[in-house]
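Dear colleague,

Please find below the sequence and the structure for your study. My notes on salt bridges and backbone angles follow.

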Amino acid sequence: MQNDKKVVTLLAIMKKSLLLCVILIATLLAGCKDETVTTAEQQDGVDTIPMMIMQIRKCAKLYTAEYQVHKIITHDDQMSLQGTFLQQKFDIKLPMSSRKIAIPVDATLKAYIDFSDFTEKNIVQRDNKIEIILPDPKVELTESRIDHNEIKRYVSLMRSNFTDAELTDYEKQGRAAILNSVPKLGIIDMAMESAAHTLIPLIKQMGYEEEDITITFRKKFTTNDLPILLDSNTIENAGE
């Protein structure tokens, strides 16, 4: 009988010990769970965003696209006799007085994005998704030249040939025409795509999945945005 009591007591002690072990394990698991949540929160923005900004700023002036443009500038003029006769105005084109010229202009455009002022304002987070709003791109005209061997011209006997000053002025017009076409050339889209190839691997290292990363500009740029898009040196050169 005494042995039976010892067995019952031993079983009771074992049950209490087992219950204590279960409680201890549950407590440890709860502690690990809380710690995991804190780490995930840090990865979602508390620590990674400043680090991301610092890494992106290191890109500095990132050249993202280059575009070769070939444009033919044409000019056609003819001398005319203008006046008034019997209170009637007249404008008579003089024969053998026309001039025509076609000037091929080759230019190199380069687009770049300056990340030196990149801040948290350029980053939008929604849950586990992240959007990088790129700084406005800049486009510079790095080279333009006339292919003098390919110039086609026609000058009538009564007219003088085109002067160097006129050719220079036509080249200036060609540069202006090329710059005005920048929003339509696709170089801005190329700049965004190239920037994405550079930034996405960097952001993935911060723990984001590629499908959760969006790289974009703040707006769709048009010809009206040309003063914003053109590099300051290009604006100065275009005015020469």
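A salt bridge joins glutamate 210 to lysine 204, with 3.5 Å between the closest N and O atoms. Glutamate 210 is partly exposed, at 43% relative accessibility, and lysine 204 is also partly exposed, with a relative accessible area of 38%. Please note that the model is a predicted one. The count of salt bridges in it comes to 9.

Another of these pairs is glutamate 166 with arginine 99, whose closest N and O atoms are 3.0 Å apart. Because glutamate 166 belongs to helix α3 (residues 164-180) and arginine 99 to strand β2 (residues 88-114), the pair ties together parts that are 67 residues apart in sequence. Arginine 99 is buried, with a relative accessible area of 5%, whereas glutamate 166 is partly exposed at 23%.

Arginine 218 and aspartate 136 also form a salt bridge, their closest N and O atoms being 2.8 Å apart. Arginine 218 sits in the loop between β7 (213-216) and α6 (226-229), and aspartate 136 in the loop between β4 and β5 (138-146), so this pair ties together parts 82 residues apart in sequence. Aspartate 136 is partly exposed, with a relative accessible area of 22%.

Turning to the backbone, most residues other than glycine have a negative phi. Alanine 60 has a positive phi, near 50°; this residue lies in the loop between α2 (48-57) and β1 (61-85) and is partly exposed, at 33% relative accessibility. Aspartate 127 likewise has a positive phi, of about 55°. Aspartate 127 is found in the loop between β3 (123-126) and β4 (129-133) and counts as exposed, at 73% relative accessibility.

With kind regards

Technical notes. Residues are numbered from 1 along each chain as its sequence is written. This is a predicted model: local features need pLDDT of at least 70, side-chain atom pairs count only at pLDDT 80 or more; totals for chains, interfaces and linings use all residues. Side-chain values use heavy atoms; hydrogens and water are left out. Helices (H or I, at least four residues) and strands (E, at least two) are DSSP runs, numbered from the N terminus. Buried means under 20% relative accessible area, exposed over 50%, partly exposed in between (1.4 Å probe, protein chains only). A salt bridge is a side-chain nitrogen of Lys or Arg within 4 Å of a carboxyl oxygen of Asp or Glu.
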